[in-house]
Amino acid sequence: MSRAAWRGWLLAITLGCCAGPAPAQHTVATLLHPLFQDHAVLQRDQEIPVWGTAASGVSVRVELAGRNATARADDSGHWLAMLPPLAAGGPYELAIRAGDAVQVVRDVQMGDVWLCSGQSNMELPVWRALDAASEIAAATQPMIRLFSVPKAAAVSPRQEFAGPVAWQPASPATVRDFSAACFYFARELQKTVAVPMGLIQAAWGGSRIEAWTSASALRRQDGMDPALDVLALYATDPVAATVRWGQHWQQWWSTHTGAGADERPWQPAADRTGWQQAPSLLGAWEHWGVPALSHYNGMVWYRSQVTLTVAQAGQGARLELGAVDETDMTWVNGVAVGSENAPGTARSYAVPAGLLDAGANTVVINVLDTYGDGGLAGPASAQALVLDDGTRLVLDAPWQYQPAPTAQAPPLAPWHAATGLSTLHNGMIAPLGQPGLRGILWYQGESNTGDGADYAVRLRGLRDDWRARFGAQVPLLVVQLAGYGQPPEAPTESGWAHVREAQRRVVAEDPHAGLALAIDIGDAYDIHPPNKQELGRRLARVARRVVYGERAIAASGPTARTASRTPAGIRIAFDDVTGALATTGANGPIGFELCDAQARQCTYVEALLDGPDVVLQSPQPAPGARVRYCWADGPICTLRDRSGAPAGPFELSLDAAEIP
């Protein structure tokens with residue numbers, strides 16, 4: 001389509017995209033999956049899958065833009081039809097007929113469909129991004145269509161969305177709460193790819209990558225089976241699964257925290273030495289006036305009791321707790337009854353009949369907080385046992401607490417929403433079915449920085465899993481984590497840097513993947529950098545190269561290729577340099593480190609520019625040494641090329657060759 005034709009078509013759609021002729025009289029039915037609605041965008045230039053439900057055995061006819069296909073509903077009522085490819089264009093009507101039932105979807109566009117997924121930096125809406133008021137006011141772009149997947153976690157795959165859904169043309173009324181990164185990407189890309197853009201947002205703040213990966217894919221990763229077995233049990237018997245997970249957690253405590261074999265704080269008979277009385281109002285431990293807790297992020301044990309009669313003890317019950325920040329593991333009489341990772345929300349856990357005793361019953365809660373205020377919300381009267389007969393018994397013993405400092409992160413229950421295993425895949429990705437996509441945008445990793453060394457395996461697993469669903473070669477565009485935090489005074493280890501390196505390496509091995517750099521547009525004080533416009537521009541540039549084949553532009557700017565020994569020093573060669581390498585704010589690039597083979601000893605080294613290379617001015621290191629650049633949570637990165645594109649963080653091993 002020419003630019004003139006595109007502008008004319010866009011104007012016509014802007015003036016009347018949603019009007020059209022009055023619909024004919026039909027017997028209206030719901031035959032289509034909810035992804036197919038008015039204003040939908042379907043993927044151009046490839047076969048078009050259309051699916052839904054009808055009466056078992058009924059023949060279904062699908063019509064779109066003069067193309068048609070038939071299918072038959074199976075024994076469960078599900079049907080799938082494949083229409084031949086269509087070029088970009090519209091608006092069209094999608095008509096489905098099954099016997100006397102008819103469903104018609106209007107204003108369907110053929111264009112490019114993108115799935116935008118990840119955690120809070122993908123979820124961050126336009127109203128929270130840079131220059132929000134003017135951006136929202138100007139967002140009348142009907143050829144960008146928005147579809148938000150309702151946030152939902154599930155322990156097994158769902159076929160339907162957890163709430164109502166709709167395709168919405170971008171406008172000041174619709175774009176406000178949509179993903180800023182996703183919207184600005186499409187807006188920028190449409191300047192050179194003049195087709196409708198369909199954007200599907202499926203994101204959840206604080207989510208780990210494991211939550212977005214299917215259980216079958218996770219089973220192909222080492223060490224996942226025990227937790228996945230518990231998750232499978234949780235789908236049919238949550239109480240039994242919770243007990244089993246409690247045993248797993250207890251084993252972790254005994255083997256990873258340095259606690260003795262007989263140190264079991266969850267047991268009623270546990271040694272109470274070191275326990276102290278908590279304030280009656282409970283609340284965040286940072287505000288208790290205890291110096292050791294005023295800036296404490298970590299674990300704290302809580303314990304209390306409730307006294308029951310014989311009749312009361314014979315009932316089942318629910319344990320009600322006030323809001324917990326962030327994660328709890330909870331026991332009654334030494335048996336696990338619940339665990340959630342839901343900051344700031346109350347808990348309610350089933351206590352099965354037979355677990356309670358006449359007399360004193362002990363409740364123990366381990367609370368983990370990793371950021372901000374942590375603890376169990378008060379007042380103490382908010383914590384109670386509610387019996388099956390409706391009797392509510394406030395835990396009647398004063399609350400005691402004991403900090404549990406540990407450098408080890410505890411295992412998180414596999415059914416947790418954002419941090420579990422396959423929970424968001426089941427609740428938000430599985431309901432999408434298998435629509436045609438032009439590509440996937442993935443912005444996630446902050447929640448995996450605690451175990452960043454494992455991220456490459458996790459990212460490959462997600463990539464292969466989603467390609468099995470959406471297409472074997474569907475492009476994956478990854479946002480490398482932005483800088484966050486103060487730059488270090490000396491070289492240091494960094495989980496953020498490990499995740500960035502994993503993202504770089506996984507993308508580099510995949511011809512259908514691209515990396516959008518964000519290291520220089522982060523915010524030292526805000527984990528959610530607001531400049532999503534520049535991020536959108538960079539994602540669009542990656543897409544133009546990786547997806548649309550524009551060979552004249554580099555996908556991401558200078559890319560480190562090799563580090564080798566030369567008489568002049570260690571030479572790092574870069575690809576995709578526009579013009580020559582350059583620096584900002586200094587005569588030479590800063591942020592380069594030289595490390596030993598295990599990266600246990602690292603030192604900053606001076607560097608000089610030499611055309612498309614960087615030369616490190618350093619004595620020759622031992623074999624196996626490594627070179628790092630911008631290796632920190634929030635490093636200062638000054639290297640770029642003449643186009644202004646930054647060079648991203650990396651780690652390279654030096655070759656073992658002798659100096660020539």
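## Cis peptide bonds

Pro-379 sits in the loop between β18 (375-376) and β19 (384-387). In this predicted model, the peptide bond leading from Gly-378 into Pro-379 is cis, with omega near 5°.

A cis peptide bond also joins Gly-90 and Pro-91, where omega is about 5°. Pro-91 belongs to strand β6 (residues 89-98).

## Positive phi angles

Asp-45, which is not a glycine, has a positive phi of about 60°. Asp-45 is located in the loop between β1 (41-43) and β2 (48-53). Its relative accessibility is 45%, so Asp-45 counts as partly exposed.

Ala-65 likewise has a positive phi, near 50°. This residue is in the loop between β3 (59-64) and β4 (67-72). With a relative accessible area of 27%, Ala-65 is partly exposed.

## Helices α4 and α12

Helix α4 (residues 180-189) and helix α12 (residues 532-546) have axes that come within 7 Å and cross at roughly 55°. The two helices are therefore oblique to each other, and the crossing is right-handed.

The contact residues divide into nine nonpolar, two polar and five charged.

## Confidence

The average pLDDT of the protein is 92, and 94% of the residues score at least 70. Residues 1-26 have pLDDT below 50, and this stretch has 33 contacts in the model beyond near neighbours in sequence. For residues 656-660 the pLDDT is also below 50, with seven such contacts. Where pLDDT is low, predicted coordinates should not be read in detail.

Methods
Residues numbered from 1 in each chain as written. Predicted model: local features only at pLDDT ≥ 70, side-chain atom pairs only at ≥ 80, totals over all residues. Heavy atoms only, no water. Axes fitted to C-alpha atoms, helices over the stretch in contact; angles between N-to-C directions. Helix = DSSP H or I, 4+ residues; strand = E, 2+ residues; numbered from the N terminus. Parallel < 35°, antiparallel > 145°, perpendicular 65-115°, else oblique. Left-handed = near helix turned anticlockwise from the far one by under 90°. Nonpolar A, V, L, I, M, F, W, Y, C, P; charged D, E, K, R; others polar. pLDDT = per-residue confidence, 0-100. Contact = heavy atoms within 4.5 Å. Buried < 20%, exposed > 50% of the residue type's maximum accessible area, 1.4 Å probe, protein only.
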